[in-house]
Amino acid sequence: NIFRIWTLDWIENADLIVESILEKVNALLLKTEEHDHILANVTESIHQNGYHIEEIDYSPIISKQIPYESTHLPKAFAIGAEGLEDLGNRALIHRQMELLIHHESPISKSFLYKRIMEHWEAKPSVKIERILSEIIVDVPSHVTKHRQPFYWKEQSVVDINYYRSNAGIGRNSEDIAPEEIIVALQEAVEQNLSIVEDDLVRYLARQFDFQKMGKQIEFSMRY
């Protein structure tokens, strides 16, 4: 509340202005005392009747979203499809897969292969996918199967409490593990309490940085 004092009024009658201020302050103090008295009576009545007042938690809601952290892969000296297909490079590819799974799990099979091929600057082909499928068999990991396999760190706990942003990463909706979507879903319900299903699906898509809703994205969010 603002008590406005005009300069001319103060010059002409300062004592009256001071008296008005004191009167206003006393009125506010009296109003506060009455409010406290009423509150005390209500609180006493509630306790006498055996009711319990539950305090509201006003603490800020902390999002469970974290950045997606891409790992740095060992340099490949012979890039392109030929380098990826070279039998002498299988140990290096194996090591790259280990690093990706360790640092970026849960990671889908398609996104794992995509990361490897991008690093080697190789285009997808049936032969390259066959080679990667042969190598991944020997890479230590825990696998969950949904629409496609998802690879986790060996002996890792599948029950996670976070989901990762998709900004600038290039994961397709089908590359997001259902376990991450469930965490985002739980957060959405906690924050919104009541939300219709279609709005919830759109909300989830935005949480994973998908600006437009397509059939594949909707299918993934509803999985």
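Is Met213 buried, exposed or partly exposed? I began my notebook with this residue, and I kept in mind throughout that I was reading a predicted model.

**Entry on Met213**

I found Met213 in the loop between α8 and α9, and I noted that it counts as partly exposed because its relative accessibility is 35%, a value between the 20% cut-off for buried and the 50% cut-off for exposed. Leaving aside residues up to four places away in sequence, I listed Val201, Arg202, Ala205 and Glu218 as the residues that Met213 touches. For Val201 I also looked up the spacing, and found that Met213 and Val201 are 12 residues apart in sequence and 9.1 Å apart in space, C-alpha to C-alpha.

**Entry on the whole chain**

I then stepped back to the protein chain, whose secondary structure comes to nine helices and five strands. Reading along the sequence, I wrote down the pattern α-α-β-α-α-β-α-α-β-β-β-α-α-α. The chain has 223 residues, of which 30% count as buried. Among the contacts with a separation of 6 or more, 65% come from residues 24 or more positions apart.

**Entry on helix α4**

I checked the length of α4, residues 90-104, against what a helix should give: its 15 residues should span 21 Å at 1.5 Å a residue, and its end C-alpha atoms are 21 Å apart, so the two values agree. The buried residues that I listed for α4 are Ile93, Gln96, Met97, Leu99, Leu100, Ile101 and Glu104. Looking for what covers these buried residues, I found that the cover includes α3 (81-85), β2 (107-108), α5, α6, β4 and β5.

How do α4 and α6 cross, and within what distance do their axes come? I noted that the axes come within 10 Å and cross at roughly 70°, and the two helices are therefore roughly perpendicular to each other. On the α4 side I recorded Arg90, Ile93, His94, Met97 and Ile101, which meet Ile131, Leu132, Glu134, Ile135 and Ile136 in α6. Sorted by class, this contact of α4 with α6 has seven nonpolar, one polar and two charged residues.

**Entry on helices α5 and α6**

Next I looked at α5 (residues 109-120) and α6 (residues 126-136), whose axes come within 11 Å and cross at roughly 110°. That crossing angle makes α5 roughly perpendicular to α6, and I noted that α5 passes α6 in a right-handed crossing. The residues that meet here are Lys109, Leu112, Tyr113, Ile116 and Met117 in α5, and Ile128, Glu129, Leu132, Ser133 and Ile136 in α6. By class, I counted the residues of this contact of α5 with α6 as seven nonpolar, one polar and two charged.

For α7, residues 178-192, I repeated the length check: 15 residues at 1.5 Å each should span 21 Å, and the end C-alpha atoms are 21 Å apart, which agrees. Within α7, I found Pro178, Glu179, Glu180, Ile181, Val183, Ala184, Glu187 and Ala188 to be buried. These buried residues pack against β1 (65-66), β3 (142-145), β4 (149-152), β5 (163-164), α8 (197-207) and α9 (215-221).

From α9 I picked out Ser220, which lies in that helix, and wrote it down as buried because its relative accessibility is 1%. Not counting residues up to four places away in sequence, Ser220 touches Arg147, Ser173, Glu174 and Ile181.

Where does the chain have a cis peptide bond? I found it from Ser105 to Pro106, with omega near 0°, and I placed Pro106 in the loop between α4 and β2.

I also recorded Glu121, which has a positive phi of about 55° although it is not a glycine. Glu121 sits in the loop between α5 and α6, and it is exposed, with a relative accessible area of 57%. Asp209 likewise is not a glycine and has a positive phi, of about 65°. I found Asp209 in the loop between α8 and α9, where at 30% relative accessibility it counts as partly exposed.

Notes:
Residues numbered from 1 in each chain as written. Predicted model: local features only at pLDDT ≥ 70, side-chain atom pairs only at ≥ 80, totals over all residues. Heavy atoms only, no water. Axes fitted to C-alpha atoms, helices over the stretch in contact; angles between N-to-C directions. Helix = DSSP H or I, 4+ residues; strand = E, 2+ residues; numbered from the N terminus. Parallel < 35°, antiparallel > 145°, perpendicular 65-115°, else oblique. Left-handed = near helix turned anticlockwise from the far one by under 90°. Contact = heavy atoms within 4.5 Å. Nonpolar A, V, L, I, M, F, W, Y, C, P; charged D, E, K, R; others polar. Expected span 1.5 Å × (residues − 1). Buried < 20%, exposed > 50% of the residue type's maximum accessible area, 1.4 Å probe, protein only.
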